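Let's take a walk through this model together.

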Amino acid sequence: MNRAQLDRYWQAYLALYPNSLCSNENYEAEQFGDNPALANELGNLILAGVKTATCSALWEWEAEGSEIPKVGLKTIVLDGNDNPLCIIATTDVEIRSFNQVNEQFAFAEGEGDRSLESWRQEHWKYFSRVLSKLGKQPTPEMLLVCERFQVVCT
């Protein structure tokens with residue numbers, strides 16, 4: 001999707017709240033996951049209200065030279081074909097190590113059977129794929145950017 005299409009989607013969202021303070025806000029646009037199939041799967045979990053949290057390795061943010069998300073950030077969630085699915089607002093951000101992720105956060109991520117064991121297993125695989133591109137390997141102590149969010153527009 002090109003920037004003009006994203007801007008139109010964002011403007012349609014803003015039109016729903018004409019007197020809102022968010023008219024001056026910026027937004028991000030991104031797929032969840034590291035491939036189109038995973039982006040579709042995770043996007044559908046978000047739309048269903050099952051997935052209300054996500055995480056990424058702090059190393060990824062550092063490699064991109066990006067600031068970590070802040071509470072209030074709006075993100076247009078894209079499907080595997082870069083089509084907008086919804087807009088989410090970040091409600092909480094914490095930095096914690098992989099081995100400090102708890103059952104509640106794993107459940108909020110909404111993936112697999114939503115258990116901590118499943119979360120650890122699947123996220124270890126994910127981070128192994130993603131971090132290898134940065135010349136790194138996951139460790140139990142690696143820092144994660146753990147976000148909670150809510151859907152604000154579909």
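## Strand S3 and its neighbours

Tyr 27 stands opposite Lys 74, which sits in S3. That pairing belongs to S1 and S3, which run parallel and are joined by five bridges. On to S4: five bridges join S3 to this strand too, but here the two run antiparallel, and Lys 74 stands opposite Ala 89 of S4. Strands count as paired if DSSP finds at least two bridges between them. The strands themselves are DSSP runs of E with at least two residues, helices are runs of H or I with at least four, and both are numbered from the N terminus.

Why is S3 (residues 74-78) described as largely enclosed by the rest of the structure? Because five of its five residues are buried. Buried means under 20% relative accessible area, exposed means over 50%, and partly exposed is in between (1.4 Å probe, protein chains only). Both faces of S3 are covered: Lys 74, Ile 76 and Leu 78 are buried on one side, and Thr 75 and Val 77 on the other.

## Where the numbers come from

This is a predicted model, where local features need pLDDT of at least 70 and side-chain atom pairs count only at pLDDT 80 or more, while totals for chains, interfaces and linings use all residues. Residues are numbered from 1 along each chain as its sequence is written, and side-chain values use heavy atoms, with hydrogens and water left out.

## Two positive phi angles

S3 and S4 form a hairpin with five residues between them. Asp 82 lies in that loop, and its phi is near 65°, a positive value in a residue other than glycine. Asp 82 is partly exposed, at 30% relative accessibility.

Arg 114 is another one to look up, in the loop between H4 and H5. Its phi is near 70°, again positive in a residue other than glycine, and with a relative accessible area of 22% Arg 114 is partly exposed.

## Ser 97 and the cysteines

Ser 97 lies in strand S4 and is buried, with a relative accessible area of 7%. Leaving aside residues up to four places away in sequence, Ser 97 touches Pro 140, Glu 141, Met 142 and Leu 143. A contact here means heavy atoms within 4.5 Å.

## The largest pocket

The largest pocket holds about 930 Å³ of space. A pocket is an open set of points on a 1 Å grid over the protein atoms alone, where a 1.4 Å probe fits and protein lies on both sides within 12 Å along at least five of seven lines; lining residues have an atom within 4 Å of a point. Of the 42 lining residues, the closest to the centre are Gly 33, Thr 54, Cys 55, Ser 56 and Tyr 126.

Which helix or strand gives the most to the lining? That's H5, with eight residues. The lining divides into 16 nonpolar, ten polar and 16 charged residues.

Note on methods: Grid points are joined across faces, edges and corners, and a volume is the space filled by probe spheres set on the points. Ala, Val, Leu, Ile, Met, Phe, Trp, Tyr, Cys and Pro count as nonpolar, Asp, Glu, Lys and Arg as charged, and the others, Gly among them, as polar.
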